[in-house]
Amino acid sequence: MDINDRNSEWVSPFDFSVKEGSAGQIIGRIEAKDADELENGEIRYEKPLESPISVDPVTGDVRTKVALDYEK
């Protein structure tokens, strides 16, 4: 039996560039690892609902939810 005694860690830093005007565009992927075993080692990603991006909770794919406009 494993206990949740290890913190998750980002695999590498991330910095994304995003073009304007394209909703649903994949802009990158985030990745973390957890040395715990079984369900204690599972990673799920989330972000605030009001964000203009979405993050796949399993894969970490980051997409634009709306067409971005830097003037707004």
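# Close-up views of the predicted model

**View 1. Threonine 59 and its surroundings.** Threonine 59 touches Arg29, Ile30 and Tyr45, once residues up to four places away in sequence are set aside. Touching, or contact, means heavy atoms within 4.5 Å. This is a predicted model, in which local features need pLDDT of at least 70, side-chain atom pairs count only at pLDDT 80 or more, and totals for chains, interfaces and linings use all residues. Residues are numbered from 1 along each chain as its sequence is written, and side-chain values use heavy atoms, with hydrogens and water left out. Threonine 59 sits in the loop between β4 and β5. Strands are DSSP runs (E, at least two residues), numbered from the N terminus. With a relative accessible area of 35%, threonine 59 is partly exposed. The classes are buried (under 20%), exposed (over 50%) and partly exposed in between, with a 1.4 Å probe and protein chains only. The side chain of threonine 59 reaches the backbone nitrogen of aspartate 61 at 3.2 Å. From threonine 59 to valine 11 the C-alpha separation is 13 Å, across 48 residues of sequence.

**View 2. The hairpin of β4 and β5.** Five residues lie between the two strands of this hairpin. Glycine 60 takes a positive phi near 85° there. Strand β5 covers residues 61–64 and runs antiparallel to β4, joined to it by three bridges. Isoleucine 53 stands opposite threonine 64 of β5.

**View 3. The open sheet.** Three strands form an open sheet in the order β2-β5-β4, with antiparallel pairing. Two strands pair if DSSP finds at least two bridges between them. The edges belong to β2 (26–29) and β4, each with a single partner strand, so one side of each has no neighbour in the sheet. Neighbouring strands here are turned by 25° against each other on average, direction ignored. Such angles come from axes fitted to C-alpha atoms, on a scale from 0 to 180 degrees between N-to-C directions. Strands β2 and β5 run antiparallel and are joined by three bridges. Arginine 29 stands opposite aspartate 61 in β5.

**View 4. Aromatic pairs.** The structure holds three aromatic pairs. Tryptophan 10 and tyrosine 45 have ring centres 6.4 Å apart and planes at 15°, so this pair is stacked. Rings of Phe, Tyr and Trp (its six-membered ring) pair if their centres lie within 6.5 Å; planes under 30 degrees apart count as stacked, over 60 as edge-to-face and the rest as tilted. Tryptophan 10 belongs to strand β1 (residues 9–10), while tyrosine 45 lies in the loop between β3 (32–33) and β4 (53–55), so the pair ties together parts that are 35 residues apart in sequence. Tyrosine 45 counts as buried, at 10% relative accessibility. Phenylalanine 14 and phenylalanine 16 also form a stacked pair, with ring centres 5.8 Å apart and planes at 20°. Phenylalanine 14 is partly exposed at 41%. Phenylalanine 16 is partly exposed at 28%. Ring pairs link Trp10, Phe14, Phe16 and Tyr45 into a cluster.

**View 5. The largest nonpolar core.** Seven residues make up this core: Ile27, Ile30, Ala32, Ile43, Tyr45, Val55 and Val62. A nonpolar core is a set of buried Ala, Val, Leu, Ile, Met, Phe, Trp, Tyr and Cys residues joined through side-chain atoms within 4.5 Å. Not counting residues up to four places away in sequence, alanine 32 touches Glu9, Trp10, Val11, Ile43 and Tyr45. Isoleucine 43 is in the loop between β3 and β4. At 18% relative accessibility, isoleucine 43 counts as buried. Beyond its neighbours within four places in sequence, isoleucine 43 is in contact with Ser8, Ala32, Lys33, Asp34 and Pro57. Serine 8 and isoleucine 43 are 35 residues apart along the chain, with 7.8 Å between their C-alpha atoms.

**View 6. Aspartate 34 and its polar contacts.** Aspartate 34 has its place in the loop between β3 and β4. Its relative accessible area is 14%, which is buried. The side chains of aspartate 34 and serine 8 are joined by a polar contact of 3.0 Å. A polar contact is a pair of N or O atoms within 3.5 Å; within protein, one must be able to donate a hydrogen and the other to accept it, and residues adjacent in sequence count only if both atoms are side-chain atoms. The aspartate 34 side chain also reaches the backbone nitrogen of aspartate 36, at 2.8 Å. Leaving aside neighbours within four places in sequence, aspartate 34 is in contact with Asn4, Arg6, Asn7, Ser8, Asn40, Gly41 and Ile43.

How values were computed
Helices (H or I, at least four residues) and strands (E, at least two) are DSSP runs, numbered from the N terminus.
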